[in-house]
Amino acid sequence: MEEQKRLDKDVEGQLAGIAADVNSRRRWISPVTDQDRAAHQEFLNRMSQMPPDAWQHLLRVTEKCVGCGICEKVCPSGSIHVVNGRAVHTPGNCQTCLACAHACPSKAVQLTVPEKNSQARYRNEHISLQEIIQANSQTVSPS
């Protein structure tokens with residue numbers, strides 16, 4: 001975790017710059033370079049080679065699961081549920097946002113691919129777990 005914090009260079013400075021842009025109502029779109037276009041095309045080419053559901057199998061629930069249900073409450077797509085006292089990830093609609101993995105207090109929800117630091121979890125210090133849960137409970141009224 002400390003290594004990740006070191007990689008996040010000048011977070012306070014970046015936030016101050018963003019706040020200044022918002023406060024001044026700055027309207028600016030970063031210009032796209034030929035290098036950006038080439039990188040995006042490479043990404044699209046590689047994605048077209050992958051199975052359509054490749055990202056759906058990125059998560060697994062380990063034996064550390066205590067069945068608390070937090071993962072279920074923070075999942076915006078309803079792709080994880082507690083069944084018989086244990087979380088079960090159901091691929092199909094998963095957005096691969098990793099909210100379930102980051103919110104799991106026992107770190108039972110993990111990635112199926114190697115992680116540099118499998119114990120690291122990230123949470124925006126300005127947003128509470130309750131706010132995430134409440135946001136996922138909202139329903140959209142028909143227009």
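**Getting to know this model, question by question**

Student: Where does Cys71 sit?
Tutor: Cys71 lies in helix H4, which covers residues 70–74. Helices here are DSSP runs of H or I with at least four residues, strands are E runs of at least two, and both are numbered from the N terminus. What you see is a predicted model, where local features need pLDDT of at least 70 and side-chain atom pairs pLDDT 80 or more, while totals for chains, interfaces and linings use all residues. Residues are numbered from 1 along each chain as its sequence is written, and side-chain values use heavy atoms, leaving out hydrogens and water.

Student: Why is Cys71 called buried?
Tutor: Buried means under 20% relative accessible area, exposed means over 50%, and partly exposed is in between (1.4 Å probe, protein chains only). Cys71 has 7%, so it counts as buried.

Student: What does Cys71 touch?
Tutor: Leaving aside residues up to four places away in sequence, Cys71 touches Ile80, Ala87, Cys100 and Val109. A contact means heavy atoms within 4.5 Å. With sequence neighbours set aside in that way, Ile80 has a list that includes Val61, Cys71, Glu72 and His89.

Student: What makes a group of residues a nonpolar core, and which residues have the most contacts inside the largest one?
Tutor: A core joins buried Ala, Val, Leu, Ile, Met, Phe, Trp, Tyr and Cys residues through side-chain atoms within 4.5 Å. The largest one has 15 residues, and those with the most contacts inside it are Leu59, Val61, Cys71, Ile80, Ala87, Cys100 and Val109. Strand S1 (59–61), helix H5 (99–103) and strand S4 (109–111) each supply at least two residues of this core.

Student: How do you know that S2 and S3 pair?
Tutor: Two strands pair if DSSP finds at least two bridges between them. Four bridges join S2 (residues 80–83) to S3 (residues 86–89), and the two run antiparallel. Across the pair, Val82 stands opposite Ala87.

Student: Which residues of S3 are on its covered face, and which on its uncovered one?
Tutor: Ala87 and His89 are on the covered face, while Arg86 and Val88 are on the uncovered one. In a regular strand the side chains alternate between the two faces of the sheet.

Student: What makes Asn84 stand out?
Tutor: Asn84 has a positive phi, near 50°, and it is not a glycine. Most residues other than glycine have a negative phi. Asn84 is in the loop between S2 and S3, in a hairpin with two residues between the strands. At 80% relative accessible area, Asn84 is over the cut-off and therefore counts as exposed. Thr96 also has a positive phi, about 55°, and lies in the loop between S3 and H5.

Student: How do you know that Arg37 and Asp34 form a salt bridge?
Tutor: The rule asks for a side-chain nitrogen of Lys or Arg within 4 Å of a carboxyl oxygen of Asp or Glu. The closest N and O atoms of Arg37 and Asp34 are 3.7 Å apart, and the pair meets the rule. Both lie in helix H3 (residues 34–49), three residues apart, about one turn of the helix. Asp34 has 63% relative accessibility, so it is exposed.

Student: How many salt bridges are there by this rule?
Tutor: The count comes to four. One of them links Glu42 and Arg46, with the closest N and O atoms 2.7 Å apart. These two are four residues apart in H3, about one helical turn. Glu42 is partly exposed at 38%, whereas Arg46, at 57%, is exposed.
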